[in-house]
Structure formats: structure tokens, C-alpha cells
Amino acid sequence: NKLLNSMGFQRFHLDASDAVSGGYRIVRSDGTLAYDSLSEGEKSFICFAYYWESLFGASTSGSPPDDVIAVIDDPISSLDSDTLYIVAAHVRFAAEIAIESKSNLRQLIVLTHNTQFHHEAAYETSKKKKPGDRRYFRLVRGFDGVTVAKDDGSVSQIRGSYPMLWNSVVEAARSDVESDLIHVGVFNIVRRIV
């Protein structure tokens with residue numbers, strides 16, 4: 001509930017469930033159940049908040065938390081820009097504590113197609129960066145339709161859509177492959193740029 005309040009979700013809260021041992025229910029401030037009336041963004045954020053809390057907790061009360069490798073797959077679906085920023089800040093914090101080995105979180109893998117979220121989550125506030133602390137990979141679909149993983153090393157190459165389109169044109173110009181498929185692809189990319 002502290003996490004929900006800090007994020008501005010004050011129209012509902014979590015309450016212990018009488019029906020399920022160790023379970024919770026989502027309740028409005030007037031006491032009515034809220035699950036059926038939640039927006040997609042509210043549901044997404046509750047899932048993220050539950051996942052976030054489970055990263056640093058133990059499966060049984062009183063025992064130390066297990067070591068974790070966390071995979072976060074596009075946590076900002078249906079969220080507004082303010083909440084996107086807050087979720088990105090939490091992801092950034094998780095990356096910092098994983099790098100510094102300050103918790104049970106040993107590795108963090110974040111998947112997203114949203115460049116704004118990527119830039120917010122990948123922003124490094126620490127000036128004490130060591131080589132190899134972070135690694136960035138992009139999944140890139142080639143002109144032949146095959147998707148490959150590109151290792152960008154410790155510097156993210158993700159840009160907004162406009163620079164990425166120009167980068168595709170440059171890569172096609174450097175390619176030794178000559179085919180009608182590549183030419184049509186480049187024409188479509190240039191059309192999108194214009």
C-alpha cells in the first residue's frame with residue numbers, strides 16, 4: 001500500500017483476504033471490491049507492484065530471501081507517462097542494487113519496445129561506472145525478415161524512431177547484398193522519414 005500511495009494510486013488499496021490464507025483483495029476507499037472496475041493501467045501497475053515486492057521478499061516468513069534473476073517484460077503497458085517514469089525509476093534502482101550486490105537481486109533483464117521507457121530505465125545516475133556492469137542488446141529484424149540479437153556492449157544504441165530509421169538507411173547503404181527486397185525496404189524507410 002505504501003508503494004501504491006507513493007505512485008499516486010489512492011483510489012484503492014490492498015487488504016488482507018478472509019477467503020484465502022495469505023491472500024489479498026483490492027478494495028476501494030468505501031470498502032467495495034475494486035477488481036472489476038480497475039483500468040488496464042491500474043491492473044498493470046498492481047502486477048508490477050506485486051512483482052516488485054516479491055523480488056526482495058522470502059517465500060516463507062522469517063527466512064532470508066532467495067537469490068533472484070529478475071526478468072521484467074515491458075512493465076509499462078497501459079500506463080500514463082507519470083507512472084512510466086516512476087516504474088523506470090524503480091527499474092533503474094533495481095539495476096543499481098544488482099550491480100552493487102546490495103541485495104538478493106543478482107541480475108536484472110529488462111525487455112521493452114518503448115524507447116522512452118528504455119531511456120528512463122537505462123539512465124545512469126552513478127558516475128562510478130565500471131566496464132561490464134551493464135550490457136545492452138537489441139533485437140533487429142533484417143531486410144531478409146530474420147531477427148538477430150545485436151550486442152551493443154556497455155553503451156545503449158537505442159534511439160528514437162527518427163534516428164533509428166536513418167540508421168537503417170545507412171546500414172542498408174553499407175550492405176554488400178543487392179536485392180529488390182532491400183531496395184523496397186529502403187524506399188519504405190525513406191518514405192516513413194519524409
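A salt bridge is taken here as a side-chain nitrogen of Lys or Arg within 4 Å of a carboxyl oxygen of Asp or Glu. The model is predicted, so to speak from the outset: local features need pLDDT of at least 70, side-chain atom pairs count only at pLDDT 80 or more, and totals for chains, interfaces and linings use all residues. Residues are numbered from 1 along each chain as its sequence is written, and side-chain values use heavy atoms, with hydrogens and water left out.Six salt bridges are present in the structure. One of them joins the side chains of arginine 135 and aspartate 151, with an N to O distance of 2.1 Å. Arginine 135 sits in the loop between α4 (115–122) and β5 (136–141), and aspartate 151 in strand β6 (residues 147–153), so the pair ties together parts that are 16 residues apart in sequence. Helices (H or I, at least four residues) and strands (E, at least two) are DSSP runs, numbered from the N terminus. Arginine 135 is partly exposed, at 47% relative accessible area, and aspartate 151 is also partly exposed, at 42%. For these labels, buried means under 20% relative accessible area, exposed over 50%, and partly exposed in between (1.4 Å probe, protein chains only).

A second pair, aspartate 67 and arginine 106, meets in a salt bridge at 3.2 Å, N to O. This pair links distant parts of the chain, with aspartate 67 in the loop between α2 and β3 and arginine 106 in strand β4, 39 residues apart. Aspartate 67 is exposed, with a relative accessible area of 56%, whereas arginine 106 is partly exposed at 41%.

The side chains of aspartate 15 and arginine 25 form another salt bridge (3.5 Å, N to O). Here strand β1 supplies aspartate 15 and strand β2 supplies arginine 25, ten residues apart, and the pair links distant parts of the chain. Both partners count as partly exposed, aspartate 15 at 29% relative accessibility and arginine 25 at 34%.

Serine 17 counts as buried because its relative accessibility is 18%.

Two or more lining residues come from each of α1 (2–6), β2 and α2 (40–55), and α2 gives the most, with four residues. The space in this pocket is about 400 Å³. On a 1 Å grid over the protein atoms alone, a pocket is an open set of points where a 1.4 Å probe fits, with protein on both sides within 12 Å along at least five of seven lines; lining residues have an atom within 4 Å of a point. Grid points are joined across faces, edges and corners, and the volume is the space filled by probe spheres set on them.

On the surface, Ile69, Val71, Ile109 and Leu111 make up a nonpolar patch with about 330 Å² of accessible area together. Patch members have over 30% relative accessible area and no salt bridge, and nonpolar side chains (Val, Leu, Ile, Met, Phe, Trp, Tyr) are joined within 5 Å; areas come from the Shrake-Rupley method with a 1.4 Å probe, and for residues only the protein chains shown count as cover. Strands β3 (68–73) and β4 (105–111) each supply at least two residues of the patch. Valine 71, found in strand β3, counts as partly exposed at 44% relative accessibility.

Conventions. Patch = residues over 30% accessible without salt bridge, like charges linked within 9 Å, V, L, I, M, F, W, Y side chains within 5 Å.
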